[in-house]
Amino acid sequence: QVQLAESGGGSVQAGGSLRLSCAASGYTYSSGYMGWFRQAAGKGREGVAGIYTSGGTTRYADSVKGRFTISQDNAKNTVYLQMNNLKPEDTAMYYCAARTQGGLGFIPLIWSLYTYWGQGTQVTVSS
């Protein structure tokens with residue numbers, strides 16, 4: 001049974017930093033992709049960052065490039081999202097997601113390509 005457990009959300013002022021963690025269990029972590037998504041109130045789910053767990057290749061949405069960094073600790077089956085220089089528009093519920101099968105040839109930032117989801121953690125950035 002695949003499970004994803006997120007932690008690390010909170011409230012910060014603009015310009016601050018937060019690090020989200022997502023611990024995965026129940027499958028072979030190194031076999032697919034992990035992604036971070038966010039959903040602001042009244043908006044759709046947006047892909048923020050993704051990582052190919054086997055090779056460590058990453059991909060980012062334009063809105064977060066240069067500010068957010070996705071990384072992983074394969075020994076702990078954990079993926080991280082380091083968020084720096086946070087802006088009020090980053091306020092959202094953040095979700096980690098897992099796609100346990102690889103072989104796409106690209107790192108997906110489309111939510112429908114991910115199978116498993118965490119419960120979400122709230123990030124609030126005040127101006």
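**Strands and their partners**

Author: Strand E9 (residues 92–99) and strand E11 (residues 121–126) pair in the antiparallel sense over three bridges. Please keep in mind that this is a predicted model.

Reader: What makes E9 and E11 count as paired?

Author: The rule asks for at least two bridges between two strands. E9 and E11 have three bridges, so the two strands pair. You can find the places yourself: methionine 93 stands opposite glutamine 122 in E11, and tyrosine 94 has threonine 121 as its bridge partner there.

Reader: How do you know that E9 also pairs with strand E10 (residues 116–117)?

Author: Good one to check! Two bridges join E9 to E10, and the cut-off is at least two, so this pair qualifies. The two strands run antiparallel, and alanine 97 stands opposite tryptophan 117 in E10.

Reader: Which strand is joined to E9 by seven bridges?

Author: That is strand E4 (residues 33–39), which runs antiparallel to E9. Look for tryptophan 36, whose bridge partner in E9 is cysteine 96.

Reader: Why is E9 called largely enclosed?

Author: A residue is buried if its relative accessible area is under 20%. Seven of the eight residues of E9 are buried, so the rest of the structure largely encloses this strand.

Reader: In what sense does strand E2 (residues 10–13) pair with E11, parallel or antiparallel?

Author: E2 and E11 pair in the parallel sense, over four bridges. One spot to look at is glycine 10, whose bridge partner in E11 is valine 123.

Reader: Why are E1 and E7 called edge strands?

Author: Start with the sheet they belong to: four strands form an open sheet in the order E1-E3-E8-E7, with antiparallel pairing. Strand E1 (3–7) and strand E7 (68–73) each pair on one side only, and these are the edge strands. From one strand to the next, the twist averages 15 degrees.

Reader: How do you know that E1 pairs with strand E3 (residues 18–25)?

Author: Count the bridges again. E1 and E3 have five bridges in the antiparallel sense, and at least two are needed, so they pair. As one example, leucine 4 stands opposite alanine 24 in E3.

Methods: Residues numbered from 1 in each chain as written. Predicted model: local features only at pLDDT ≥ 70, side-chain atom pairs only at ≥ 80, totals over all residues. Heavy atoms only, no water. Buried < 20%, exposed > 50% of the residue type's maximum accessible area, 1.4 Å probe, protein only. Axes fitted to C-alpha atoms, helices over the stretch in contact; angles between N-to-C directions.
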